[in-house]
Every structure is written in C-alpha cells, then in structure tokens.
Amino acid sequence: MRNRTFWIAYLLLLVAQLVISNFFRVTPYVMLSILPVMVLCISTRINTFWTMLIAFASGLVVDLLSEGVLGLNALAIVPVAFLRNAIIQLIFGKELFARKEDFTLRSSGFAQVGLALLLAQALFLAVYIWADGAGMRPPLFNLYRFLASLGAGFVVSLFTLNVLASESGK
Amino acid sequence: MKRQRLLPRFLNLAVFIVLEIAALQMVTHNADLQRVWVARGAHVFMGKVWGASQNIRSYFSLSATNQELSEENFRLMQELEKTRERLREARVEGLDTLRRPGFSMVAAEVVKVSRNKQHNYLILNRGFEDGIQEKSGIITPNGVVGIIDAVSAHHAFAFSFQNSDISISARLGDEGGSGLLVWDGIRSNGAVLKEIPLQYRFQKGDTVYTSGHSLLFPPDIPLGIAGEAKVVNGATNEIAVRLFQDFSAIRYVSVVHNDAFDEIEQFEP
C-alpha cells in the first residue's frame, strides 16, 4: 500500500517536473529539476539495476514531453541512479540497507538528508550543464548556472522530499 | 562469495554504460551542437588511444629501429668520409694556381707542425714516391712556409719559416732592393727584412715578394707588408714585415722544386 502511494506520488512529481521544464524558464542561469531527489528517494529495496532503468525512463519522459535536447535529462539522471547507493551509504551508513529501511527527514535529520540532496543534485547538474553547454559556453557561465541551479534545486527538492520521503508517505 | 558480489556490480556498470551511450546517442541525433561536441571528443579520445598504441608499438620496435639507425649511421659516415676526401682533393687542385715556369709542383697536406719553438718544423704527407725532393720550397697562396730538409717514401720533413736558422731571399716592392727575410722569433706573423741597401727608397705598406734569387722559391710570391724600418750600422736598412701567412692555420701546401736546381748547384763554389 505504502509502495503504491510512493509510486503515485512519483508519477505526479514527474508531471510536476514536466510543468517545471515547460513553464518555469525564468533565466538561463537556473535549471530547476526534481529528478535527482525523486531518484534518491526510490526505496533502498529496489536495486541499482532497476533504479537506473526507472531513472532513465523518467529522464526520457521529461525529455520527450518538454522543450529541450532529447536525451539530456536521461543522460544526467542515470549517473545519479548508478551512484545512489554509494551516496546513501556514504551519508547514512550501511545500516539503512541492512535494515532495508529508507531515509526520512525526521529519522535522519536535516543535515544528512540535505547533504545527500546536494550531492545528488550536484551530480545531476554537473552532467546536465556540461552536456548542455557542449563545450561552447564560457566556464564562468557554467559555474554560475551550476551554483544558481543547485541552490534553487535544493530548495525545491526539500519540498519534494516532504512528499516522497515523509514517514506517512512511505 | 566475493565473486557473487562482483557480478551484479559489473552488470550495473554495463547497464550504466549502455544507458549513457543510448542517452548520448539521442542527444547527438537531436542537437547539432552536441553532435559536433561529441564527435570532437570522440576524435580526441581516438587520437589518444591511437597515439598510445603507436607509442607501445614503437617501444617494442626500438631494437629494429636501433639496428636501422646504426646501419644508416655507418652509411652516412662513409658518405661523409668520401665527401671529405673530394673536398681535400678540390683544395689541393686549387693550389695549382701557384705553378710557376721552371718549377715542378706537388700538392701536399701538412700532417704535423710545431709552432712554439725557436726551431720549428713541418711534416708533409708526401715523400719521394710522390716526387718530393730535398731542397724544395713549401709555399701557399699567402707566402712561403718552409724548406724540405729530409724525405722518406711517403713523408717529408721540413724546416718551417718560423725557424731562426731559415732565411729567404726577398724583394721590397716591384723593383726594390733585395735582402734576407727571417722570422722575428717573437710573433707568428712577424718577420724582419735585412740588408736592404740604403739607396733603395721604400714606403711603409709596400709589399714584400720572393726575389727569385734563391733556387728554392719562384719569384714574385707575395710574402707580407713592410712596416717600421731602422738603419743598421749606418749601412743597411732593417725593415719589420707583417707576413700574410697565418702559420696557425696551415693545412694544404705546394712543394715547389726548381727543375734546374742540380745544374745551377754545380756552379756554386
């Protein structure tokens, strides 16, 4: 039951991401994405293989249904899925996997969850901005874009986290 | 157990690579900018891979390359030696301009020379088998170098002009007085022209030539430039001469021999 709630929330957030991608383009410096937090919040009971496939499919849906280069979101989100377990183990420890539990803001604390979010978001943005720029944009622009997107994405991801990783939600 | 844990990791890595390649393919097919960027990156990557493989191949073929270089080096050394020999012959042939009527001439190369003694000498690479005779003069386009004293089959020993025992009959200017030219014993290009009668007028800067009064050297070979003069015993002038010949750079010379030497020598008392 808890799983079904999660996946419904996941699909709704995917739609939300489509809305963000199509309508929230205020400045070229900010690229808002909640895909990293969505992938990070996928249950630890789902292994890396499936996580990568889900992430790839999610990225591809966003690419297909929003303006932009096809494949760019898929390219950037798969590394997050590939390293998701490593990020979780690094920040929350191996016990989470041993107990087959998922992290929540309440159980793990803001600092740990925030750090995990930052890492996932940074990884996603690094690949996305690097591939989107295609070596043609000035490094300083890329740096400003990365920092601005990381800040904005972090705030939006916190709200997303409340939906996906709340005690009641899982 | 360890193997069982490694397998899913490899599988994950493989799936990750496949998915990334698929995404990259989509990106490059739908955006020109990204296509160029990926193509450029691929070229750089392939260049590095080919460069590395070429380096490895080159490393393992070093032995063969060394062998080839060694053979090439040997061939070039032989070419160089041939070229040097041709150059030497050309220089010797160039000395032919010194040929004078009544004198036979043999070109030779100086193989040993002494310069820092009072009685200096030369050794030439030509001997009696090459036509060299004793009592022959040694000249270059810049003047007189010495006199042959002894001859072996393939070499000749000569007294250098830089020898306090050697004097040469020399003339001051075109029609000036004749005297004896000797090394001053101090400078490598310094000489003194002695016994010039006082009645002969000359100027500083006049050229000194061989007089032709000696049986050893043909006349009119320029030897040097007249300098300061002084009167000796109130009877003759003694003139300092700066020689044209640089004795520190002698290599190719002509050995000249008076064809009438023996005939004239008979009249000597």
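Start where the two chains meet: the contact takes 16 residues from chain A and 15 residues from chain B, with two residues in contact if their C-beta atoms, placed from the backbone, lie within 7 Å. Before you click on, note that this is a predicted model, where local features need pLDDT of at least 70, side-chain atom pairs count only at pLDDT 80 or more, and totals for chains, interfaces and linings use all residues. Residues are numbered from 1 along each chain as its sequence is written, while chains are lettered from A and ligands numbered from 1 in the order in which they are written.

Now select helix 1 (2–30) and helix 2 (32–60) of chain B: each supplies at least two residues of the side that touches chain A. (Helices are DSSP runs of H or I with at least four residues, strands are E runs with at least two, and both are numbered from the N terminus.) Helix 1 of chain B brings the largest share of that side, 11 residues. Colour that side of chain B by class and you get 11 nonpolar, three polar and one charged residues. Here Ala, Val, Leu, Ile, Met, Phe, Trp, Tyr, Cys and Pro count as nonpolar, Asp, Glu, Lys and Arg as charged, and the others, Gly among them, as polar.

Next, click on Leu75(A). Which residues is Leu75(A) in contact with, leaving aside its neighbours within four places in sequence? They are Val127(A) and Ala131(A), plus Glu20(B), Ala23(B), Leu24(B) and Val27(B) from the other chain.

Leu75(A) also belongs to the largest nonpolar core, which has 47 residues; Leu75(A), Val39(A), Ile77(A), Val78(A) and Phe124(A) touch the most other members. Such a core is a set of buried Ala, Val, Leu, Ile, Met, Phe, Trp, Tyr and Cys residues joined through C-beta atoms within 7 Å, and buried means 20 or more other C-beta atoms within 10 Å of a residue's own. Helix 8 of chain A gives the most to this core, with 10 residues.

Last stop, chain B as a whole: four helices and 12 strands, with buried residues making up 26% of its 269 residues.

Definitions and conventions:
Buried ≥ 20, exposed ≤ 12 C-beta atoms within 10 Å, placed from the backbone.
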